[in-house]
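User: I am new to this structure. Please take a close look at one part of it and then connect that part to the rest.

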Amino acid sequence: MSRVVQMNNLGVIHFEAKNYQNAISLFHGALQGITAPSMAAGNECSGVCCNDMDTGSCVAGNTSCVPILKAKVPCDEDLTDSHLFLSFTQSMEIDSSPTAYSDNPLVSEVLMSAIIIWNMALVYHYTSRGNLSQLKKAYALYLKSWKLVEHIVCHGSRGNPMVDFFTEALLNNLGSCCQELDHESDARMWSDHLISYAQSIASSLQDVRTEISKRLEEQVNNFVLNAIIRLQCRPSFLAAAA
């Protein structure tokens, strides 16, 4: 598992350095290192990522098969973040502590897998820049990540700041992707879900006043504001404003 953590966190470094193809290769390698039996969804995602990127003959588990972005990654000077106005664009490192996400090792592995898939999605999302194919891939990967954590957070906040933060960021970007794809009803659904989950976080933080809880509360408020903006803005209104 230490190799999984190392590869993911190295991928984060490459993402921040704008080495997007290296980053997604590392994230994919990290995902292949997750071997929990319940990771069928993660393995399915691994196959989709590889095949969708047109990497040629790619056998599951073959680490020599390096996935690359199908579309050419734009040069740094060509990138614009205007399409990411309501998105969270920070890739996420994995905490190597055995109980960082849960006391249950299997739950921890599932959450780590979801974070790795989030990072892969973010590469596509961040570099999509109007490329509908890449944006759809980003959304598909965000959905894969959500399918992994959905059953874990279905009853609201687990009282774990890292899990709560990741869940809010994921719901935020699912809504953002839908808005960019002009899927208004889905964007509203994810925004409503985000606000509902944020309310459960607020309840769990009611009697907790630590530095971590304060930072979580501040970021959650930002996510809620994004959701409210999405709920109030219609595509027709945005088109008229443009």
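Is T127 buried or exposed, and what is its relative accessible area?

Analyst: T127 is buried. Its relative accessible area is 2%, and the model is a predicted one. The cut-off for buried is under 20%, so T127 with its 2% counts as buried.

Now place this residue. T127 is found in helix 4, which runs 105-128. Its side chain has a partner. A polar contact of 2.9 Å joins the side chains of T127 and Q134.

Next, the chain around T127. The protein chain holds 9 helices and 0 strands. Along the sequence, the pattern reads α-α-α-α-α-α-α-α-α. The chain has 242 residues, and buried residues make up 50% of them. Contacts also reach across the sequence. Take those between residues at least 6 apart: 73% of them join residues at least 24 apart.

The largest nonpolar core has 66 residues. Those that touch the most other members are Y101, W118, Y142, W146, F166, L170 and L174. Several elements give two or more residues to this core: helix 1 (2-16), helix 2 (20-32), helix 4 (105-128), helix 5 (132-153), helix 6, helix 7 (184-204) and helix 8. The largest share, 15 residues, comes from helix 4. T127 is found in that helix too.

Look at Y142 within this core. Leaving out residues up to four places away in sequence, Y142 touches W118, A121, L122 and H125, along with L170, N173, L174 and C177. Among these, W118, L170 and L174 are also listed with the core residues that touch the most other members.

Last comes the open space. The largest pocket holds about 500 Å³. It is lined by 17 residues, and the closest to its centre are Q90, M92, P161, M162 and F165. Two elements give two or more residues to that lining: helix 6 (161-180) and helix 8 (211-232). Helix 8 supplies the largest share, with 6 residues. By type, the lining divides into 9 nonpolar, 4 polar and 4 charged residues.

Definitions and conventions. Residues numbered from 1 in each chain as written. Predicted model: local features only at pLDDT ≥ 70, side-chain atom pairs only at ≥ 80, totals over all residues. Heavy atoms only, no water. 1 Å grid on protein atoms, 1.4 Å probe; cavity = no way out; pocket = protein on both sides within 12 Å on 5 of 7 lines; lining within 4 Å. Points joined across faces, edges and corners; volume = space filled by probe spheres on them. Helix = DSSP H or I, 4+ residues; strand = E, 2+ residues; numbered from the N terminus. Nonpolar A, V, L, I, M, F, W, Y, C, P; charged D, E, K, R; others polar. Core = buried A, V, L, I, M, F, W, Y, C linked by side-chain atoms within 4.5 Å. Buried < 20%, exposed > 50% of the residue type's maximum accessible area, 1.4 Å probe, protein only. Contact = heavy atoms within 4.5 Å. Polar contact = N/O pair within 3.5 Å; in protein donor to acceptor, adjacent residues only side chain to side chain.
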